[in-house]
Amino acid sequence: MRKVFFPRTLDELWPLLESEPGAAIFSGGTDLFVKMRAGSADPGVLIGLERIGELRGIRREGDGVRIGACTSLKSVLEDPLVRSGLKVLETALKALGSPQIRNMGTIGGNVCTASPAGDTLPPLYVLRAEVEIRSAGSTRRAPIGEFITGPGKTLLGRGEIIAGIRVPAPQGLNLHHFEKVGQRKALAIAVASLAALMRISPEGVIEEARLAWGSVAPTVAVSVGAEEFLKGKALTRPVLEEAARIAEASFFPIDDIRATAGYRKAVAGNLLLRLCK
Ligand SMILES: Cc1cc2nc3c(=O)[nH]c(=O)nc-3n(C[C@H](O)[C@H](O)[C@H](O)COP(=O)(O)OP(=O)(O)OC[C@H]3O[C@@H](n4cnc5c(N)ncnc54)[C@H](O)[C@@H]3O)c2cc1C
């Protein structure tokens, strides 16, 4: 018989994590329960975080926005702070799963699953988000790119959870773009995706570019070379074609049931060209 706990506060959670070291924690369960049904996870003890109010909610913090880890994807998508300031994240959330999945799934779950195809990850990379890691006695923070250490792997240690995600305001970054290519328009895991944030001058010159691709490498792929190349150039198709060629060096896609590695690579490069309307 499997034991399931639903602590109501963090103070109730910490002793449980201590006394049940083999427990699997879950928020919405939309990733974990799928794995359990498929037989790739079989924890004897489950700890649900969904009743811990301290882990939910979205608020302004300093010059940015703090999103509680157990905030549902639907609540993030509908939040006025997200809709007004974090368009790149909003667009990605619209493409994530279905209304049912966004009702149940949480942003913390998407981050902790650390899938190369996780739709919130490329936006959180270009937004330079920080993950707040908490345990009974401490709080530490890590940039999202350091928090995710491999496919399905994170910095989380024993007794730690993520409590929230802090997103600095993308000041002056006036072009927000996210696009995902999947096998269908909805309920599809990304074959490739791109999040882009840019600062474009009134004359149309790229002053800053941040780019992050999903599904083309074991973790989110970034290309500092392409970002540097774009700086000071006009947002034109030939410029983007050259940046895509440079970025390809950061792509290490795999063949799977959804697409071949070659197709993923071609699509990932082409996604950059869509920035030129
Ligand atoms: C039909 C279907 C369609 C989907 N479509 C998409 C899609 O289009 N794009 C996409 O990106 N994902 C998709 N997903 C995956 C999933 O819905 C998301 O990744 C979701 O955000 C997971 O959140 P959750 O709260 O349900 O995670 P859970 O299943 O509760 O947890 C996932 C993992 O994170 C850990 N975890 C959860 N919260 C915390 C926390 N606060 N601290 C530490 N660890 C934690 C758990 O231990 C577990 O290992 C889909 C899933 C299904 C079933």
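**View 1. Strand 6 (residues 130-134) pairs with strand 10 in the antiparallel sense over 5 bridges.** Here V131 stands opposite I165 of strand 10. Strands are DSSP runs of E, at least two residues, and helices are runs of H or I, at least four residues, both numbered from the N terminus. Two strands pair if DSSP finds at least two bridges between them. The model is predicted: local features need pLDDT of at least 70, side-chain atom pairs count only at pLDDT 80 or more, and totals for chains, interfaces and linings use all residues. Residues are numbered from 1 along each chain as its sequence is written.

**View 2. Strand 10 (residues 161-168) is mostly covered.** Of its 8 residues, 6 are buried (20 or more other C-beta atoms within 10 Å of the residue's own, C-beta atoms being placed from the backbone). Strand 5 (residues 64-68) also pairs with strand 10, antiparallel, over 5 bridges. V65 has V167 as its bridge partner.

**View 3. The largest nonpolar core has 74 residues.** Such a core joins buried Ala, Val, Leu, Ile, Met, Phe, Trp, Tyr and Cys residues through C-beta atoms within 7 Å. I165 and W213 are among those with the most contacts inside the core. Strand 12 (residues 192-200) gives the largest share, 6 residues.

**View 4. Strands 11-12-13-14 form an open sheet, in that order, with antiparallel pairing.** Strand 11 (175-181) and strand 14 (221-222) are the edge strands, each pairing on one side only. Strand 11 meets strand 12 over 7 antiparallel bridges. L175 stands opposite M198 in strand 12.

How values were computed. Buried ≥ 20, exposed ≤ 12 C-beta atoms within 10 Å, placed from the backbone.
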